[in-house]
Amino acid sequence: APSAARPHVVLLASPGAGHLIPLAELARRLVEHHGFAATIVTFSGLSDSEALPSGILDSVSTVALPAVKIDDLPADALRGSLLVELIQRSLPSLGTLLRSMGSTTPLAALVPDFFCSAALPLAVELGVPCYVFVPSSLTMIYLMRRIVELHDDAAPGEYRNLPEPLEIPGGLSLRRAELPVPYRDCNGLAYAQLLRGGRRYRRADGLLMNTFYEMEPAMVEEFRQAAEQGTFPPAFPVGPFVRSNSDEETGASAILEWLDRQPARSVVYVAFGSGGALSVEQTAELAAGLEASSQRFLWVVRMPSLDGRTCVFGTGDDDDDPLAWLPEGFLERTRGRGLAVPAWVPQVRVLSHPATAIFVSHCGWNSALESAASGVPMVAWPLYAEQRMNAALLEGALGVALRPRAREDGGAVAREEVAAAVNELMEGENGLVVRRRAEDLQRAAARAWSPDGSSRRALEDVAAKSRAALGAGS
Ligand code: UDP
């Protein structure tokens with residue numbers, strides 16, 4: 001007989017707004033559309049772990065695991081390596097938690113995010129179906145799959161590297177410099193973690209992908225074939241997971257009121273996600289470029305990086321004032337037409353505001369999806385993680401972004417290039433084509449989650465499978 005209790009899904013969220021926000025949105029939909037109860041488990045031990053996004057989680061429970069120490073890792077370890085190690089070392093307490101949860105009502109599914117694949121063997125051991133949530137593109141998973149295949153198909157001891165350039169389904173060709181850092185150095189810790197993680201993924205019941213068909217059509221087909229041939233678990237495109245406006249934190253009313261006073265489609269929104277950092281020189285060039293473009297702008301200014309890193313996570317010191325690093329007189333000269341704000345804005349509200357025209361973005365995958373969902377074309381300014389690859393996809397395959405020309409020597413993008421890219425996208429003929437494509441993609445994104453949309457149906461499919469597995473097991 002059907003039990004009165006709702007089937008319970010446990011989701012594992014690695015630290016970082018870019019992981020937590022879409023996972024929380026997935027949890028919310030499982031609860032509101034599919035009748036599940038959901039618990040989000042978070043991990044503690046990183047110095048800069050943020051709280052869960054507020055507002056979104058009224059219907060979802062959360063549990064924070066006790067902190068573990070990871071301060072013995074090398075100081076220059078990549079962010080992703082820290083996350084993987086944090087999760088690995090939290091497995092004992094996770095195991096205890098899952099066993100105690102499962103002892104009252106059996107779990108319908110475990111949903112670890114991309115960095116939490118260490119939990120897969122635990123799910124197998126507990127007999128709980130396991131769906132990995134990937135807050136990134138299918139293209140990223142394709143890369144991971146390729147690397148594992150090349151290694152595991154090679155004769156023992158025979159090393160194989162990713163070919164360069166790497167041709168990927170959909171017609172993109174990626175140079176080594178465009179691959180995420182772990183893929184470039186086959187001797188690194190991150191590379192080894194990637195291989196281990198990639199092999200574990202093969203044991204998943206499926207992957208829940210924060211993407212939708214029109215965002216990566218060739219990849220969706222590629223993974224459909226792989227699943228049919230049994231070479232990889234099915235990848236379900238269930239995105240885009242974009243918070244609804246009303247879910248976003250308020251407290252930014254001055255920014256939204258400023259936007260309300262700007263003409264329709266007139267504002268250049270500039271933001272580099274939760275970790276993006278520019279050098280002092282690049283901050284100055286970007287400022288000068290915005291000034292030279294004569295466009296209106298809203299710029300989320302973050303503390304510049306003084307050591308060449310392109311990403312710095314955490315909130316920094318309370319007395320840090322990013323605006324103090326802007327060129328002298330910049331704020332006065334642009335007063336009225338530009339607004340520079342420190343740290344954080346409610347991005348989904350900003351992108352969907354009628355005054356917003358274009359988005360100068362680091363191309364984090366969430367930012368890309370949020371932009372797509374709002375029909376806002378981008379100036380692609382990738383900084384870290386898989387953002388170069390995202391930029392290549394947005395510019396090359398989808399045609400919804402332009403890129404400012406970078407300097408050959410890797411130095412700062414010049415102010416003239418910033419102004420030219422911004423003005424082209426706002427007013428130029430090439431810009432017009434890109435703007436039109438962004439509108440097309442917006443319609444496709446809306447269709448994906450319409451009542452009979454492809455992403456909604458894909459998530460319904462997974463929900464039905466989990467319920468069936470629960471029924472069969474009890
Ligand atoms: N975000 C925001 N306000 C900001 C900057 C970022 O709300 O000022 C949100 C943004 O909407 C997105 C997430 O933080 O959902 C950043 O994720 P993304 O994948 O774009 O980049 P990451 O921070 O992971 O590099």
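**Reading strands and a ligand shell**

Guide: Begin with β4, which is mostly covered: 6 of its 6 residues are buried. Keep in mind that this is a predicted model.

Visitor: What makes a residue count as buried?

Guide: A residue is buried if 20 or more other C-beta atoms lie within 10 Å of its own. Now apply that to strand β1, residues 8-13. Of its 6 residues, 5 are buried, so the strand is largely enclosed by the rest of the structure.

Visitor: How do I read strand pairing?

Guide: Strands of a sheet pair through backbone hydrogen bonds, either parallel or antiparallel. Here, β1 pairs with β4 (residues 107-112) in the parallel sense, over 5 bridges.

Visitor: Which residues of β4 stand opposite valine 9 and leucine 11?

Guide: Valine 9 faces alanine 109. Leucine 11 stands opposite valine 111.

Visitor: In which sense do β1 and β2 pair, and over how many bridges?

Guide: They pair in the parallel sense, over 6 bridges, with β2 spanning residues 37-42.

Visitor: What unit do β1, helix α1 and β2 make?

Guide: A right-handed β-α-β unit, with α1 covering residues 17-34.

Visitor: Now an open sheet. What is the strand order?

Guide: This sheet has 3 strands in the order β5-β8-β9, with parallel pairing. β5 (131-134) and β9 (235-237) are at the edges, each with a single partner strand, so one side of each has no neighbour in the sheet. From one strand to the next, the twist averages 25°.

Visitor: How many bridges join β8 to β9?

Guide: There are 3, linking β8 (residues 206-209) to β9 in parallel.

Visitor: Last, the ligand. How many residues surround it, and which are the closest?

Guide: The ligand is surrounded by 19 residues, the closest being Gly18, Gly273, Gln347, Gly364 and Ser367. The elements that give two or more residues to this shell are α1, α11 (347-351) and α12 (365-374).

Visitor: Which element gives the largest share?

Guide: That is α12, with 4 residues.

Visitor: How does the shell divide by class?

Guide: It has 9 nonpolar, 9 polar and 1 charged residues.

Technical notes: Residues numbered from 1 in each chain as written. Predicted model: local features only at pLDDT ≥ 70, side-chain atom pairs only at ≥ 80, totals over all residues. Buried ≥ 20, exposed ≤ 12 C-beta atoms within 10 Å, placed from the backbone. Pairing = 2+ DSSP bridges. Right-handed = clockwise from strand over helix to strand, strands pointing away. Near = placed C-beta within 6 Å. Nonpolar A, V, L, I, M, F, W, Y, C, P; charged D, E, K, R; others polar. Axes fitted to C-alpha atoms, helices over the stretch in contact; angles between N-to-C directions.
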